[in-house]
Amino acid sequence: MSDTEKMTIDERRKYLRLMRPRYREAGRNEKGQLLDEMEAVTGLERKVLIRLLSGSLEREPRRRERGETYGPMVNDALRVIDESFDGICPERLMSNLVWMALLLERHDELTTTPELLEQLAQISLSTLRRRLARVRQDQPQLPRQKPRPRNPLLQSIPMIRLPWSLQEPGHFETDLVHHCGPTASGEYVCTLQMVDVLTGWSERRAVLGRSYLVMEDAFLVTLHRLPFPVIEIHPDNGSEFFNHHMLRFWGDIVQGVTLSRSRPYQKNDNPRVEQKNSTLVRAYLGYDRLDTVEQTRALNALYDKMWVYYNLFQPVMHLIDKEVTRQEGQPAQVKRRYDDAATPFDRLCRTEALLPEHRDQLSALRDATNPRRLRQEIYDAIEQVFLLPGASSDHTEDVRLTLAHNWPKGDDELQLAFERTEIKRQPVAAPTDPLTVGPTPLSL
């Protein structure tokens, strides 16, 4: 405590409680010295100290309420000043009341008096808190951020969380990973990733931008390459997934697929694809910016190799039981039990969704592939992606050059091409050439 700072009432009473035993045991001359000392420390008069030391030091309740110190003028001034400061906290507001009141008076926003300025200068923090709470409850706060209008297309899409206990493959958690670097300006590469809940089968496709043109192409390539039918697509609420074009795509061009979505700002509603975003995309590519056609093509070449490696050779574990235990006085604990690790392909073979010709073709592909060499090829492909230069300001990137070269252009032709391919029943194409569309499988 500084030399100029005064004791509070409670501090004075505590000090006097400590001094009272010495005062009562002291002689006459020593009592006078102690009173001089206590008078200097507490700032109380001598007679007041004697009365307090002789009686009880407990504070008694106030017998008569004191009058109101700050009147309506202070409330009116605080209302205008608080609005001018945009509702900052009382701690920041207290020491800036007077100069803001004078400034507002010069702009004809407030009328001050010497008495009002004196009260604004001496008002305590606790009183200011109470006054502001009273002032602000009658004054609705404007939202700092204009709320974005809700996408009306989302109202027709159910908002759910895919259960972990699904017993059939084809329910895909879907997400888009942005490779924009430190800034999201301009067009940049994104990775469309789909993960099957039951088997852990994963698909990835790089797109340049988020237009309907590239999103449609990525979904068509993925659907053509998948060896089993898609039952449900479950992305977040992004406009790249839910717009008039994509809803027409899933309703007219691709039929029989259910659309659902996760809750806004709830990443745990898509836990499997969020995990794969970290382990299969960010772990390889980091957060650098990719924004050219060549980088998109190189990234898709990398994903073709990862398609074989992670679906045919990398074991995954699946949750088979979840037990919640509760003990009194402690939070609930969840005990999870997983099955034996198996590759997505092996899990898929245990279901009835994989046709025999698909199984034989994928088995032959796994037997003919050296996984150790394939792993090294994946790391070589990553280096190739980062050796390519980024976009330059004097060159315009054409996203059409990133599309699968033999998809017909135009909705009518695309519809006919899709019907000819019979995506859900067609034997899987070799991942080394995933863009080839045809009614028969390629020889491996």
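Trainee: Which residues of helix α7 (residues 114-122) are buried?
Mentor: Keep in mind that we're looking at a predicted model. Buried here means under 20% relative accessible area. In α7, that label goes to Leu 116, Leu 117, Gln 119 and Leu 120.

Trainee: Within what arc do the buried residues of α7 fall, seen down the axis?
Mentor: An α-helix has 3.6 residues a turn, so residues three or four places apart point the same way. The buried residues of α7 line one face of the helix, because, seen down the axis, they fall within an arc of 160°.

Trainee: And which exposed residues sit on the face of α7 turned away from its buried side?
Mentor: For exposed, the cut-off is over 50% relative accessible area. On the face turned away from the buried side of α7, the exposed residues are Pro 114, Glu 115, Glu 118 and Ala 121.

Trainee: Which elements are included in what covers the buried residues of α7?
Mentor: Start from the buried set itself, with Leu 116 as one of its members. What covers that set includes α4 (72-84) and α6 (97-106).

Trainee: How is α4 oriented relative to α8?
Mentor: Helix α8 spans residues 125-137, and its axis is 10 Å from that of α4. The packing angle is about 75°, and 65 to 115 degrees counts as roughly perpendicular. That makes the orientation of α4 to α8 roughly perpendicular.

Trainee: How many charged residues are in the contact of α4 with α8?
Mentor: From α4 come Asn 75, Leu 78, Arg 79 and Asp 82, and they meet residues of α8 including Arg 131, Arg 134 and Arg 136. Split by class, the contact has 4 nonpolar residues and 1 polar, while the number of charged ones is 5.

Trainee: At what angle do helix α2 (residues 28-42) and helix α3 (residues 46-54) pack?
Mentor: Their axes are 10 Å apart. α2 is roughly perpendicular to α3, and the packing angle is about 105°.

Trainee: How many nonpolar residues does the contact of α2 with α3 have?
Mentor: The α2 side includes Leu 35 and Met 38, while α3 brings Arg 46, Leu 49, Ile 50 and Leu 53. By class, there are 2 polar and 3 charged residues, and the nonpolar count is 5.

Trainee: Is Lys 267 buried or exposed?
Mentor: Lys 267 is in the loop between β5 (258-259) and α11 (271-285). Its relative accessibility is 60%, and the cut-off is over 50%, so Lys 267 counts as exposed.

Trainee: Leaving aside neighbours within four places in sequence, which residues is Asn 300 in contact with?
Mentor: Asn 300 lies in helix α12 (residues 293-312). It counts as buried because its relative accessibility is 6%. With those sequence neighbours left aside, its contacts are Arg 205 and Ala 206.

Technical notes
Residues are numbered from 1 along each chain as its sequence is written. This is a predicted model: local features need pLDDT of at least 70, side-chain atom pairs count only at pLDDT 80 or more; totals for chains, interfaces and linings use all residues. Side-chain values use heavy atoms; hydrogens and water are left out. Buried means under 20% relative accessible area, exposed over 50%, partly exposed in between (1.4 Å probe, protein chains only). Helices (H or I, at least four residues) and strands (E, at least two) are DSSP runs, numbered from the N terminus. The arc is that of the directions from the helix axis to the C-beta atoms. Contact means heavy atoms within 4.5 Å. Axes are lines fitted to C-alpha atoms, for helices over the stretch in contact, and angles run from 0 to 180 degrees between N-to-C directions. Angles under 35 degrees count as roughly parallel, over 145 as roughly antiparallel, 65 to 115 as roughly perpendicular and the rest as oblique. Ala, Val, Leu, Ile, Met, Phe, Trp, Tyr, Cys and Pro count as nonpolar, Asp, Glu, Lys and Arg as charged, and the others, Gly among them, as polar.
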